[in-house]
Amino acid sequence: MALRFDNKVAIVTGAGGGLGRTYAIELAKRGCKVVVNDLGGDRHGSAGSTSMADKVVGEIKAAGGQAVANYNSVEEGDKIVKTAIDAWGRIDIVINNAGILRDTSFVNMKEVDWDLIFKVHVKGAYSVTKAAWPYMRDQKYGRIVVTSSNAAVYGNFGQVNYSAAKHALIGFSNSLALEGAKYNILSNAVIPTAGSRLTQTFMVDALKPEYVTPLVCYMVHDSFKDSGKLFEAGAQWYGTLQYYRGEGKVLQNATVETIHDNWKAVSSMDKPKHVASIAEQSAMLMDMLGSLEAEK
Ligand code: NAD
């Protein structure tokens with residue numbers, strides 16, 4: 001059975017090229033009405049033109065799909081959401097995909113390199129999602145995706161700004177998932193790996209953006225029920241990424257020396273445990289405090 005998006009309205013930010021373009025085209029092919037947002041700047045975030053978004057809208061319409069262009073920066077989320085509301089009166093899906101790079105070693109990083117990355121990736125995702133949220137709450141339906149990066153998880157040389165911003169988006173999505181749960185608003189993060197303008201890889205065929213597309217489109221489908229999760233896609237591999245914590249050790253009245261002497265146990269990951277929520281983490285803490293109390 002084909003997974004359709006009839007009667008659904010999506011915003012895909014940064015959809016004038018790269019990964020976003022493929023999401024917009026695939027969603028439209030499946031009956032979704034799509035706002036193709038792109039300010040058409042270069043990969044460092046400078047300049048702008050309407051041609052990138054227009055081209056994708058043209059492609060979608062030529063294939064019989066429905067799309068409108070929006071040229072605002074993602075920092076102006078209300079204007080992007082207004083484009084969806086003016087055209088179709090609702091907004092069901094937000095794929096926060098727009099992005100830029102300002103790669104430089106930390107020693108050479110200027111404040112503008114830091115600020116611009118946070119403005120586009122973090123403030124941008126906040127701004128678009130914030131404007132869409134009241135509509136999603138009222139209609140008790142929403143599907144949100146944020147775009148993270150392997151640089152967020154592992155760090156990457158020359159990307160202190162980018163990896164910090166991309167990690168911020170994971171926290172953003174995880175908390176949105178909790179606040180959205182009772183309104184049937186789901187929020188998840190994706191880590192893509194694809195040859196694009198941002199990566200300029202020469203492994204273009206192995207890392208087609210189109211290999212990421214099916215996962216992201218499924219993540220915003222009606223039948224998708226996960227929320228607060230982090231998924232990965234690239235080179236035709238699809239999977240999930242989660243945090244694990246070690247078993248650790250209770251060290252009563254610890255000193256710096258106690259930590260030093262027990263470092264093997266404190267830092268051990270021999271018995272990793274996935275903690276699914278802050279409630280589960282708090283419950284584990286309470287259990288531990290309870291057993292300490294009982295020992296007294
Ligand atoms: P891309 O440069 O091809 O696409 C990004 C698009 O965002 C561009 O079309 C650009 O014009 C647009 N954009 C930039 N700033 C904008 C703004 N302020 N408002 C609206 N649009 C804006 O890059 P891509 O590789 O397709 O990246 C898409 C997303 O995936 C980015 O968030 C990127 O950080 C993330 N990502 C990509 C990879 C990868 O391997 N390609 C890996 C990890 C994360």
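View 1. Eight strands form an open sheet in the order β3-β2-β1-β4-β5-β6-β7-β8, with mixed pairing; strands pair if DSSP finds at least two bridges between them. Strands (E, at least two residues) and helices (H or I, at least four) are DSSP runs, numbered from the N terminus. β3 (66-70) and β8 (237-240) each have a single partner strand, so one side of each edge strand is left without a neighbour in the sheet. This is a predicted model: local features need pLDDT of at least 70, side-chain atom pairs count only at pLDDT 80 or more, and totals for chains, interfaces and linings use all residues. Residues are numbered from 1 along each chain as its sequence is written.

**View 2. Two parallel neighbours.** Strands β6 (residues 185-193) and β7 (residues 230-234) run parallel and are joined by five bridges. Look for P192, which stands opposite A233 in β7.

**View 3. Helix α2 and its buried face.** Helix α2 (residues 51-62) has twelve residues and reaches 16 Å from its first C-alpha to its last, close to the expected 16 Å, where the expected span is 1.5 Å times one less than the number of residues. Its buried residues are M52, A53, V56, V57 and I60; buried means that 20 or more other C-beta atoms, placed from the backbone, lie within 10 Å of a residue's own. The buried residues of α2 pack against α1 (18-29), β2 (33-37) and β3, with contact meaning C-beta atoms, placed from the backbone, within 7 Å. After α2 comes G64, whose phi is positive, near 90°.

Note on methods:
Buried ≥ 20, exposed ≤ 12 C-beta atoms within 10 Å, placed from the backbone. Contact = placed C-beta atoms within 7 Å.
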